[in-house]
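Dear colleague,

I am handing over the structure we spoke about, with the sequence alongside. Please have it open while you read the notes that follow.

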Amino acid sequence: VDIIGTGFLYDYVPGNGLYVDLDGSTSEGGTLFKFLNLTGGTTYQLSFDLAGNNVPGGGYPSDIVDVTFGSAAGTYTLDPGDGFSTRTLSFTAGGNGSFALLFHNRGGDNAGALLDNVSVTAVPEPETYAMLLAGLGAIGFMRRRRQAQAQDQ
């Protein structure tokens, strides 16, 4: 893979800073991966931006990118002129441990799909939202009670 964008010779989608060309410059499909230590029972959301190769003058085919996050997987087909769009995958870790995050461009033509803004966040459990709503309700109730007491005086 190659880092391209602002300040580099190749900046196919100006105004987006630095991003990754998933096909690199070896004419072989590129793979980018990282292992993440995750907590069992927790759901995580992967968010990332993908774009077509956007090479000026065209002539390159569509790109196919396989994304794997733990046991979750997605395949994305991008036309050469597609701009960046956000994609997501969710995964619940079955136990504590190291899980793979992998982006693989199937290409092999020296201009791959473009990757940017990768993030992984833990998704709060529904009980967390219920506690938040209960707390906000209690604060609202106390505020009304104080306002009513102030009006009675």
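How many aromatic pairs does the structure hold? In this model, which is predicted, there are seven aromatic pairs. One of them joins Phe 33 and Phe 35, whose ring centres are 5.9 Å apart with the planes at 75°, so this pair counts as edge-to-face; both of these residues are exposed.

Another edge-to-face pair is formed by Phe 48 and Phe 103, with 5.3 Å from centre to centre and 75° between the planes. This pair links distant parts of the chain, since Phe 48 lies in strand 4 (residues 43-51) and Phe 103 in strand 8 (residues 97-105), 55 residues apart. Phe 48 is buried, with a relative accessible area of 0%, and Phe 103 is buried as well, with a relative accessible area of 3%. Ring pairs also bring in Tyr 76, which forms a cluster with Phe 48 and Phe 103.

Turning to the strands, five of them form an open sheet in the order 1-2-9-4-7, with antiparallel pairing. Strand 1 (2-5) and strand 7 (85-92) stand at the edges and have a single partner strand each, so one side of each is left without a neighbour in the sheet. On average, and with direction ignored, neighbouring strands of this sheet are turned by 40° against each other. Within the sheet, strand 2 (residues 18-21) and strand 9 (residues 114-122) pair in the antiparallel sense over two bridges, and Asp 21 stands opposite Leu 114 in strand 9.

Key:
Residues numbered from 1 in each chain as written. Predicted model: local features only at pLDDT ≥ 70, side-chain atom pairs only at ≥ 80, totals over all residues. Heavy atoms only, no water. Pairing = 2+ DSSP bridges. Helix = DSSP H or I, 4+ residues; strand = E, 2+ residues; numbered from the N terminus. Axes fitted to C-alpha atoms, helices over the stretch in contact; angles between N-to-C directions. Phe/Tyr/Trp six-rings, centres within 6.5 Å; stacked < 30°, edge-to-face > 60°. Buried < 20%, exposed > 50% of the residue type's maximum accessible area, 1.4 Å probe, protein only.
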